[in-house]
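The following note concerns charged side-chain pairs. Please read the points alongside the model.

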Amino acid sequence: MKEDVAVVENKNGNIILNNEQLSCAFNETNGNLICISANDMILDNCGFSVDIGCDDKFIWHTLKFQGLDDLHTWETPTIIPENDFMDMSNNFVGFERSSSALVSNYLFDELAVAVIYSVQDSFLKIEIRISNESDQKRIINGIAFEASSSISNDASFEFPGNVPYNIFKAGELPVRKVIQSGQIAPFVHTCSNGKHYNVIFLDPEEKWSTGVFKPEDGKLKYVNLAAVESYLLPGQTLYCGDMFIQLVGDGNPYLAVRNFYALNGWVPPTNGIADGVMYSCHPTGTMDAGFPLKRDLFQYADDMKAVKEMGIDHIWLLPIFEHNENGVYHPGDMSIIDKRYGGEKGAKYFSDKVHELGMGVLYDFVPHGPNVNDEFAKQHMDWAAVDREGSYKEEWDCLSFDMANPEYQQYITDMVRSHIERFDIDGSRIDCAMGGLSNWKPCPGNRPSSSNLKGGVGITGAIREAFIKEGKKSLILPENFNPIPFYYPYTDVFYDMPLYRVLMDLDEAKLTDEEYVAQLTRWLEREMMSTPEGLCKLRFLGNHDTVSWTWQAKRAVNTYGAERAKALWTVMAFIDGMPMIYQGDEDPSMYGGQGPELRQFFKDLYDARKEWLGNQYDIKYIKTNTSIMAFKREEETNKRLVLINLSPKAASCDLDLTDDSKVVYGSCDIDGQRVSLGSYDSAIITWKG
């Protein structure tokens, strides 16, 4: 992004920071942001403030303080307002001006806080610099970026590609009721007076919370609470994250974010594997059945022919490494294949058989760390995170290894390279790829909370590097639920837990079938537009976790009923992305369940996907106002219309059809422009016109 910036004083005593596209006004006497204008729109009566968790309290008390020590790696801080208004003006000590930025300086309790404003294209970029001017060590635990603006009475906001799935009407919000995103949200989209703007927040070091609420003054307030944990020594300076306020006006706010990611290089790789159908499994059976089968990889290889016949391309093996009695996700030394599964010979035999069938193998690496009593742990305690008192941190009954440790990252790269060389694996699912717990004895250049997000991205990159060094095309699938862009350059397939949660929330909302389809269609369309073009998403109705202990904690057929589950699996297969099923979805007897055997259903479904659809990024969603989900997929002369009725009742809708329209999959009736589908039916229609 270009930085064509000028800083001038105007006649009214305000300072103007502008470029050719955007103009920002600041109060000269107190440093406050007043107004932003661009693209024929104005954010008036707006503002920005920062609050800092220092020595176990927020210095300006806008938020209720909460310690971060007890947060799990998948949790983000809860945003709890304490005071709506924060008057930083009493602590304002003046501006610094340059040709590229305007800096508002504040001093509070010997903390020097610099708010750095710069304009880049149609963005206002806001950075924070904190310096310790005391002679005492300070502890920083949480930094809140808080932006606000006046809004129209009909203003609305949403978290595209995230949860909750709703569009929220700002005027209907109770005062100070925070709507917080369920996964880490990189941006909030707001529409006010028919104009669009995005509030984007990105922190490459640690996780953060995103929340929106309405203070008593009637504005809309956006809070990004970064889970920063760090010492700040006398004279030391800390930077944290960037907020971008992007004025879009009449343009497409979702594509604006996609373009922003592309400009910064946060796009998926093009040299990996990002197509096909995935099957997740383990030789000893399923997690919801307790892994009851005493089979090794030699024996399990015999099952792969039937899996291939269903149309599967990629086998994601749950961990097969040496592990203790707590289970497969408690490995010791991941370089060792457990003898229970046939050891190295069993692993090689299994890979060879899978490759002979034309499929690939993904290993499930678990970098969070081994049990504290494991021999591998005893050899590498210097990789483990410690608390402020120096005690080792544990999660999942395992040590929490610091994934931002360069030595550990190098070990992971070397270890994965060894697996590639020995077993010719084709990719990796990465467990707990969001990083580990904060390490209060970090490596040089890191702060304690760097072991979180920065560590997760680093480990993902380390595993991808192993495949690159081995000269092998890879499929990298990090267990990162959060649609944040730092992972994209290392991710071949995004672990789309947000869609799983949207489906779960839609089901719990007890909507009509028509409302359900309208909400799902809107959410998918905006997810697609706001993520980089070509980002392949893993589409699933359940995995080993969700069928056994978390979220719905049961199989899709038990949640939705078999026929509705089949219709939703059809959605997963026919939209863009990589569909995945978990071992037993095709046959409930595999986990001791009841219900229909679905092997033929999945075979027909995936055969149709491969013949007519593929994974091209070419979807155009159609709003039918019925229970029929509809979208076009057009690629040059290959034109397809996909219809899925998500209702137990027959439904009809009018569509723009041509005389040469032909049903090539499924079942529907066509009468002129009217299409009718039976209960949970689906169809693919092709045409040439």
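1. Is Asp-288 buried, partly exposed or exposed? In this predicted model, Asp-288 is partly exposed, its relative accessible area being 26%. Its salt-bridge partner is Arg-555, with the closest N and O atoms 2.8 Å apart. Asp-288 belongs to the loop between β20 (278-281) and α2 (297-300), and Arg-555 to the loop between β28 (536-539) and α10 (556-560), so the pair ties together parts that are 267 residues apart in sequence. Arg-555 is buried, at a relative accessible area of 2%.

2. A salt bridge also joins the side chains of Asp-492 and Arg-464, with an N to O distance of 2.7 Å. Asp-492 sits in the loop between β26 (475-478) and β27 (493-495), whereas Arg-464 is part of helix α7 (residues 453-469); the pair therefore ties together parts that are 28 residues apart in sequence. Both Asp-492 and Arg-464 are buried.

3. Within helix α7, Glu-465 and Lys-469 are 4 residues apart, which means that about one helical turn separates them. Their side chains meet in a salt bridge at 3.1 Å, N to O. Glu-465 is partly exposed, with a relative accessible area of 33%, and Lys-469 is partly exposed as well, with a value of 40%.

4. Salt bridges also link residues into a network, whose members are Asp-496, Glu-527, Lys-537, Arg-539 and Asp-576.

5. As to the total, the structure holds 38 salt bridges. The pair of Asp-288 and Arg-555 is one of the salt bridges described here.

Note on methods: Residues are numbered from 1 along each chain as its sequence is written. This is a predicted model: local features need pLDDT of at least 70, side-chain atom pairs count only at pLDDT 80 or more; totals for chains, interfaces and linings use all residues. Side-chain values use heavy atoms; hydrogens and water are left out. A salt bridge is a side-chain nitrogen of Lys or Arg within 4 Å of a carboxyl oxygen of Asp or Glu. Helices (H or I, at least four residues) and strands (E, at least two) are DSSP runs, numbered from the N terminus. Buried means under 20% relative accessible area, exposed over 50%, partly exposed in between (1.4 Å probe, protein chains only).
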